[in-house]
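Please read the following with the sequence and the model open side by side.

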Amino acid sequence: MNSATMSVALVGGDVKPVQVEVHVGRPQESFKLTGLPDTAVREAKDRVRAALASSGAKFPNRTVTVNLSPAALPKGGTEYDLPIALGVLAASREIPSPRDVIVVGELALDGRVRSSTSGMAAGVLSARLDLPCLVPESSASQAASVPGARVYSIKTLAEAAEQLRMGLDDEMVKPRSVPPSLDTTADLADVRGQPMARRATEIAATGRHHLLFHGPPGGGKTMLARRLAGLLPPLSESEAVEVGLIHAAAGLTRGIRWDRPFRSPHHTASRAALVGGGSGVPVPGEVSLANHGLLFLDELAEFPRSHLDTLRQPMEDGAVTIARRGMSVEFPSSFHLVAATNPCPCGFTGDDRKPCQCRPAMVSRYRQRVSGPLLDRIDLVVKVGRVESVEMRSDAETSAIVRKRVAVAVDFRSNRPDLISEAASRLILRALDSGVITARGVERTKRVARTIADLALAEEVSEDHVAEAMVLRGDW
Amino acid sequence: MTTPHMVRAGTASYPEGLLDLEDPPDLYLIGDLAAAPGVAVVGTRRCTRYGIDLAERFGRVIAGAGWTVVSGLARGIDAAAHRGCLSVSGHAVGVLGSGVDVCYPAENRPIYDGILESGGAIVSEYSPGTPPDRWRFPARNRIIAAMSTAVVVVEAARTGGALITARLGAEIGRPVFVVPGDVDRPASEGCNLLIRDGANPVLGANDLIEGLGLIIGPPQQAASASTVDLPQSGLTVDELTTHWSLSLPETLARVGRLEIEGLVRMSGDRVIPG
């Protein structure tokens, strides 16, 4: 007596269908679980047994074999409790085999269904396969936020069994359309002064250039970085789904949201926390959680050099591969890097007023931490000086105004020829000859100049665009 | 323009510098010889990446100063110097060891054509159609040296054409500028030897232009403005927008240009003159 129930596994930034196969055999009590389960899945045995008993159903006094297929797929977490329990009932002919329903949910011992990080994954699979899904009530709104998902919310194992026995009714959870909520708490208008840094922020948002702010404490480096997120165009539907799934894979419930993720790991974060890892089923790191969004590294020079070096490959490839024994999982990691740092340990090297307390050797050591390959990938480097009190007035543009300009430029950018005037090319060569930029800096200057031209809605990069681009890549 | 014609020694259009040679040869010529003073940029064919970058840069700055880049259109340094010159549409003269209508090596055809397109000239003492024979190359080096006001050697081995050009140049009174190199790098051995023998070491593109300027006279296209109205202690970019009454992008663009001209430099967010 067999049954098969559909469930879902999160793999990398995507979902894969999983078949929960249950076989109930000859009369002799045993319970076997196969198909690469992790510890949490293996413990499902006991929860399922207890929950079935609490729900008034009898656990068959027979050999029960559960197989999670495809076996090669790593499976973790507690979301297979419910499909296993329903599978046991179906194999015992208590209910029809829920072959065409996607089921996720953790079981409490008393038969209630608990929320699951896979709620959203079930929604995504439901929309993709055009099948209904049963999810715990507390995860239902997340699953329903996936466009096209058919979601049934359930509270208990008994209710789920009843639903399947009677056939799914029309009481589907209403598809929840997510309003385009943009972060309004952090507005650019709050930043006093710093026109140059604001300009760099706008250019970074338009061209997705990695950006480094440096300068003494109190200039507003962190404020500016946080406000960059609010200037970015909203996520597309497929991006929002991918971002939500990666968060779910890390055990975070984000669901579908249109604002871009903003991740700011502390400089004491481990390497695994930054790029992903973990024992057993691989867990995405900050670089993947920041996929399609911003990765903000505050106090960049305080991050261990070895950690910064591990960011290079994800930055370059837009994906991290985490290899484990017998499996390797790829998480997308196309993040937009914004970093901030003091110029020296005390923060006041090069300040107009306040003297620096550091010994010269300390300053150069500190600076060297932010150098080499990572710095090469940062297009915009801008000093954020301390603000004079006279500048402490608020006539600055709001995020809404800048966001509109960025949106227009991004739109223009997607559909224009890539031209550069001869004079502009010559200016780059002149700058190279006079040592203002390095050979490496040529491409960077061209990239930034291109974005500056886009903001001016110019098809051709001009000399002025190039000259401005050079200034916005100051020395670190 | 693309048909070769002959210029006899001693005629009005004959390059004056060649008369310094003991045996001024008749020249075959395609294109135009400019009146602008020529600077020879020569070096080994077996050069390093560093040498190529430097030769290109020298070609650019010499052309940028309004002078003619003279070289031998050979592989390596010669080609790089020509390329640099052409990248800013400068005037170049290629002196061949074959007939003027024979482009050798063939891979330098784009440079050959480029020189003519931007108004330069290809010259040779050999009649059109003469094949490129090895033994002819050292002889053309004396023409490169004599047609130029100064000779710049970027990379040269202990033996080879570049060294010959430099020595011939020195014999007829042409100042020789040489890029110093690592003492154990074969491509720099000849250069270092020349410096030991009294040639002028070149310490960079600006240094070269300065040195050449002392001999040839100041570059034609000198920096447009020589001063900026800025306090010595500098201003922040933000203060400059008020100072110049320009928009921020305009201010940044202006700062960028001045920086390239060497008139200002950035120190953090401050713009400092000089």
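In chain A of this predicted model, confidence is lowest in helix α1 (residues 39-42), with a mean of 77, and highest in strand β20 (residues 460-461), at 95. The score is pLDDT, the predictor's confidence in each residue, from 0 to 100. Over chain A the mean pLDDT is 87, and 96% of the residues reach 70 or more. Where pLDDT is low, the predicted coordinates should not be read in detail. Helices (H or I, at least four residues) and strands (E, at least two) are DSSP runs, numbered from the N terminus.

Residues are numbered from 1 along each chain as its sequence is written, while chains are lettered from A and ligands numbered from 1 in the order in which they are written. Because the model is predicted, local features need pLDDT of at least 70 and side-chain atom pairs count only at pLDDT 80 or more, whereas totals for chains, interfaces and linings use all residues.

Chain A is assigned domain 1 (2-166) and domain 2 (188-415); such bounds come from an automatic or database domain assignment. The centres of these two domains of chain A, taken over C-alpha atoms, are 40 Å apart. Between them, 18 residues of domain 1 of chain A are in contact with 19 residues of domain 2 of chain A, where contact means that the C-beta atoms of two residues, placed from the backbone, lie within 7 Å. On the domain 1 side, the elements of chain A that give two or more residues are β1 (2-11), β2 (14-24) and α4 (119-129). The largest share, three residues, comes from α4(A). By class, this side of domain 1 of chain A has nine nonpolar, seven polar and two charged residues. Ala, Val, Leu, Ile, Met, Phe, Trp, Tyr, Cys and Pro count as nonpolar, Asp, Glu, Lys and Arg as charged, and the others, Gly among them, as polar.

Chain A also has an open sheet of five strands with parallel pairing, in the order β11-β14-β17-β10-β18. Two strands pair if DSSP finds at least two bridges between them. The edge strands of chain A, each pairing on one side only, are β11 (262-263) and β18 (380-383). Strand β11(A) is joined by two bridges to the parallel strand β14 (residues 294-297) of chain A, and R263(A) has L295(A) in β14(A) as its bridge partner. Helix α7 (residues 195-207) of chain A packs on this sheet, where it touches β10 (211-214) and β18 of chain A, and its direction makes about 160 degrees with that of β18(A). Helix α8 (residues 221-229) of chain A lies across β10, β11, β14 and β17 (336-341) of chain A, at about 170 degrees to β17(A). For these angles, axes are lines fitted to C-alpha atoms, for helices over the stretch in contact, and values run from 0 to 180 degrees between N-to-C directions.

Chain B is divided into domain 1 (5-216) and domain 2 (235-273), with C-alpha centres 39 Å apart. An open sheet of three strands in chain B has the order β10-β12-β11 and antiparallel pairing. Four bridges join β11(B) to strand β12 (residues 270-273) of chain B, and R265(B) is paired with I272(B) in β12(B).

How many residues does each chain bring to the contact between chain B and chain A? Each of the two chains gives 23 residues. On the chain B side, α1 (49-64), α8 (237-244) and α9 (248-260) of chain B give two or more residues, and α9(B) supplies the largest share, nine residues.
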